[in-house]
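Keep the model open beside this text and find each residue as it comes up. We will go from a single side chain to rings, then charges, then a helix.

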Amino acid sequence: MYAIVDIETTGGHASANGITEIAICIHNGKKVIERYSTLVNPRREIPIYISALTGITNDMVQNAPPFEDVAHDIYHLLNNKTFVAHNVNFDYSFVRYHLAAAGYELQCNKLCTVRLGRKIMPGLPSYSLGKLCRHLGIENESRHRAAGDAEATSILFSMLLAKDNGNHIPLALKQNSKEQVLPANLPKKDVEALPPSPGVYYFHDQKGKVIYVGKAKNLKKRVCSHFTGNNPGVQRQEFLRNIHNITFQTCGTELVAFVLEAVEIKRLWPKYNRSLKRFEHAYSLYAFEDQRGYLRLAVDKHRKMTGAIYSCNTLFEGRSILMQLIDTFKLCPKLCFIQNNTSGCAGVNVGSCACEGHESVDDYNQRVNLAIDELNKALPTFAIRDAGRNDEEHSCLLIEKGKFYGMGYISHYFNADSLDQLKNHLTPYPGNDYIRNMVDNYAVKFPDRKMVFAG
């Protein structure tokens with residue numbers, strides 16, 4: 001027995017919206033044997049644009065029963081039946097959420113007539129209910145009303161049952177079939193193509209644009225985890241509706257997948273990614289020449305394309321490094337913007353400091369350049385050599401002078417005699433502290449996979 005359901009609501013997600021109308025057609029596999037329909041008082045205002053779409057106004061639902069008053073009847077109509085709807089996860093999430101609020105726990109199999117339509121009637125220009133009805137000659141005089149759409153979906157479902165020569169409906173209802181949890185517009189073959197290996201996956205919208213990037217230790221398992229449960233939140237429901245395709249890149253290790261995800265989020269700026277988007281170097285150490293010709297060091301907010309000597313995520317870290325350079329190379333605190341008082345320099349060369357003009361530009365600048373050179377030498381240069389995507393290669397990530405340079409895959413038989421030789425086999429990528437810290441922490445955890453290069 002099938003329960004074909006359509007609802008009208010005050011908005012797009014169950015947790016903050018109500019049902020304004022529900023219709024249920026009980027189908028025995030051959031025809032509709034029972035119909036149920038009622039307006040519902042959502043106990044909140046119906047937005048004007050929703051009323052314009054459905055024709056349901058606040059006045060119409062004012063005296064209608066609230067959902068909890070009809071929940072008993074709805075639950076018993078749906079219980080022990082297969083829940084069928086056009087884009088089933090939307091209707092199911094609403095009905096299940098509001099039944100739970102009324103004290104009823106709905107658990108039943110689901111069928112999506114969007115997914116079934118794509119399988120049983122492939123090649124149609126659109127699988128929206130309205131366009132399917134026009135293409136198949138199904139009359140619907142009450143479009144965007146629950147009873148009209150439920151009746152049209154029932155006729156469509158009867159057609160799908162009659163044309164299902166490939167047994168797609170029985171296969172979808174099998175105990176181990178996970179297809180009905182997939183987003184309505186996502187082909188099952190995209191999920192089946194995912195390997196159980198580390199990598200990065202991309203969700204695409206209807207136009208092919210990447211809307212989400214994720215990393216995984218096991219691509220298939222991680223992607224499928226997005227579609228489990230029935231979270232009624234607005235972001236999840238909108239997110240699932242917009243997934244039309246999945247592509248992926250396999251990676252040799254989870255570390256490579258983590259790094260590639262961070263790089264791709266910054267490159268593609270996907271709509272539904274939140275984390276990593278805003279991660280930037282917060283501060284940097286800069287060197288510049290003042291009007292008198294003295295080289296000056298300063299820690300300031302990071303600016304792209306400005307030739308920073310060193311980048312970090314906290315002002316404290318930047319100032320600590322600068323203080324070490326001042327102490328080691330006898331630099332002037334005033335010229336490094338560490339000391340602001342104007343009464344006199346508190347540096348190590350009191351009485352003959354550069355800020356007072358007592359030290360020549362050439363002598364002072366020579367020490368500043370020595371400080372910069374020493375900082376560059378102190379920054380580590382190393383590579384992480386680890387598992388590859390197959391038995392013929394290794395993955396390799398390179399940190400050069402404390403900054404992430406890039407990564408790639410090298411042959412088992414390749415021996416890097418020099419840093420330049422290795423870099424020729426890697427792809428450069430933009431880095432940040434997040435990536436650098438990941439690689440640094442990995443090197444500490446697995447020192448046997450670290451190759452150190454001389455500064």
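A polar atom in the side chain of T9 lies 2.6 Å from the backbone oxygen of G11. This comes from a predicted model. T9 is found in strand β1, which covers residues 2–9. Is T9 buried or exposed? Its relative accessible area is 8%. Buried means under 20%, so T9 counts as buried. Now look at what surrounds it. Leaving aside residues up to four places away in sequence, T9 touches G18, I19, T20, I50, F90 and F94.

Next, the rings. How many aromatic pairs does the structure hold? There are 14 aromatic pairs. Take Y201 and Y212, whose ring centres are 6.2 Å apart. Their planes meet at 35°, so this pair is tilted. Why tilted? Planes under 30 degrees apart would count as stacked, and planes over 60 as edge-to-face. An angle of 35° falls in the rest, so the pair is called tilted.

Where do these two tyrosines sit? Y201 is in strand β6 (residues 199–204), and Y212 is in strand β7 (residues 210–216). The pair therefore ties together parts that are 11 residues apart in sequence. Y201 has 1% relative accessibility and counts as buried. Y212 is buried too, with a relative accessible area of 16%.

Another pair is formed by Y294 and Y364. Their centres are 5.9 Å apart, with 70° between the planes, and the pair is edge-to-face. Y294 lies in the loop between β9 (283–289) and β10 (295–301). Y364 belongs to helix α14, residues 361–378. This pair links distant parts of the chain, 70 residues apart. Both Y294 and Y364 are buried.

R389 lies over the face of Y409, 3.8 Å from the ring centre. The charged end of R449 sits over the ring of F446, at 4.0 Å from its centre.

Finish with helix α16, residues 433–445. It has 13 residues. From first C-alpha to last, the helix reaches 18 Å, close to the 18 Å expected at 1.5 Å a residue. Which residues of α16 are buried? They are D433, I435, R436, M438, V439, Y442 and A443. Keep one rule in mind while looking at that list. An α-helix has 3.6 residues a turn, so residues three or four places apart point the same way.

Note on methods:
Residues are numbered from 1 along each chain as its sequence is written. This is a predicted model: local features need pLDDT of at least 70, side-chain atom pairs count only at pLDDT 80 or more; totals for chains, interfaces and linings use all residues. Side-chain values use heavy atoms; hydrogens and water are left out. Rings of Phe, Tyr and Trp (its six-membered ring) pair if their centres lie within 6.5 Å; planes under 30 degrees apart count as stacked, over 60 as edge-to-face and the rest as tilted. Helices (H or I, at least four residues) and strands (E, at least two) are DSSP runs, numbered from the N terminus. Buried means under 20% relative accessible area, exposed over 50%, partly exposed in between (1.4 Å probe, protein chains only). A charge sits over a ring if NZ of Lys or CZ of Arg is within 6 Å of the ring centre and within 35 degrees of the ring normal. The expected span of a helix is 1.5 Å times one less than its number of residues. A polar contact is a pair of N or O atoms within 3.5 Å; within protein, one must be able to donate a hydrogen and the other to accept it, and residues adjacent in sequence count only if both atoms are side-chain atoms. Contact means heavy atoms within 4.5 Å.
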